[in-house]
Amino acid sequence: MRVPVITPDAAAPAPSPRPPTAPVTATTIAAVHTAVPPHRYAQDDLTEPIGDLCLAPGADRVLLRRLHAATGVRTRHLALPIERYAALGDFGRSNDAWIAAGTDLGAEAVSGALREAGLEPADVDLLVCNSVTGLATPSLDARLAGRLGLRPDVKRIPVFGLGCVAGAAGLARVHDYLRGHPDDTAVLLTVELCSLTLQRHDDSRANLVAGALFGDGAAALVARGRAAPGRDTDGPTVVATRSHLYPGTGHLMGWEIGAAGFRVVIDAGLPALVRDHLGTPLRAFLAEHGLTTDDIGAWVCHPGGPKVMAAVTDVLGLPDDVLDSARRSLAAMGNMSSVSVLHVLQSHGGPRRPEPGTWGLLMAMGPGFCSEFVLLRW
């Protein structure tokens, strides 16, 4: 279907007068499982050690301490014990640590998700693996296939470069695949070890923000096509998806990649960009399905940080408490990049599972600058 270009100043089309109904869908989310490293720290216990890594001896730490206090993060998990980071030395050692810890966490996440879905590794037809915090060839998915007992003919798609948006974009692309392969089962795996990208001896604001905000983890999501055997689940279905790039904004988020590895780029203008540009494409997407923001009963939002979440609620006219699940994730885990939105989705299960018939919107933003919307129905 050709989608018309929506300019930032375009008005969102009026919603259809018909009552919204969920169409026959191709994808059911059977399980989501998050795995985190065993090294868990209170935010206050990380402030000074991260200052030792990033700042010169005797440097003023007022900004560092203010950033750590303002993130909304209470605890985080790190790939390594904090005392080991000073000895990493170069990108090669950091990346080796990413491969080792990422493979372990990825195996734990996928095994947990399959177990919760009541499936075996041999049931998996497609494995999509997202990460933006390390590099490996063979890729993590190839390393995991034999370890987990996946079939030799499993399809694999390793993805790099999507960053924080990858949890939402990965689910959208899995949905695309299952529309064409309705008998199949797909697994989306996201692995992000953000702490291993922290630049030592770098006192830039972006590096200090990253050191205050990001945590490590992995998450796996099991999705099933509409004709997959034994498909019964109380998880949500995917109704539709939409991607949106914002021209001229590529400089706002990403990496500068050099001899020391991945140096984070986080522009202070991101919350303003969200306020200026998020509302129009999101409302237009909902309107195509006869919906408005008032119809969404479950907001599954990537917790970029307190200022970004405030910008989301402001531009959409939402009560502050609709993003409480994102705030809880941020407080307990930090921002885990692409993992976070899946962790937030997992929190909408069990006793917090929405009532049947509830509409949900899973959304994330990331480098490009871009956003990804996934319309869900429980």
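D153 is exposed, with a relative accessibility of 51%; exposed means over 50% relative accessible area, buried under 20% and partly exposed in between (1.4 Å probe, protein chains only). The model is predicted, so local features need pLDDT of at least 70 and side-chain atom pairs count only at pLDDT 80 or more, while totals for chains, interfaces and linings use all residues. Residues are numbered from 1 along each chain as its sequence is written, and side-chain values use heavy atoms, with hydrogens and water left out.

The side chain of D153 meets that of R151 in a salt bridge (a side-chain nitrogen of Lys or Arg within 4 Å of a carboxyl oxygen of Asp or Glu). R151 is partly exposed at 25% relative accessibility. The structure holds 15 salt bridges, and the table lists three of them.

| Salt bridge | N to O distance |
|---|---|
| R151 and D153 | 2.8 Å |
| R173 and D176 | 2.8 Å |
| R263 and E256 | 3.3 Å |

R173 and D176 both lie in helix α5 (residues 166-180), three residues apart, which means that about one helical turn separates them. Helices here are DSSP runs (H or I, at least four residues), numbered from the N terminus. R173 is partly exposed, with a relative accessible area of 38%, and D176 is partly exposed at 34%.

The bridge between R263 and E256 also joins two partly exposed residues: R263 has a relative accessibility of 31%, and E256 has 45%. Elsewhere, E48, D52, R61 and R65 belong to one network, joined by salt bridges that share partners.

Notes. Helix = DSSP H or I, 4+ residues; strand = E, 2+ residues; numbered from the N terminus.
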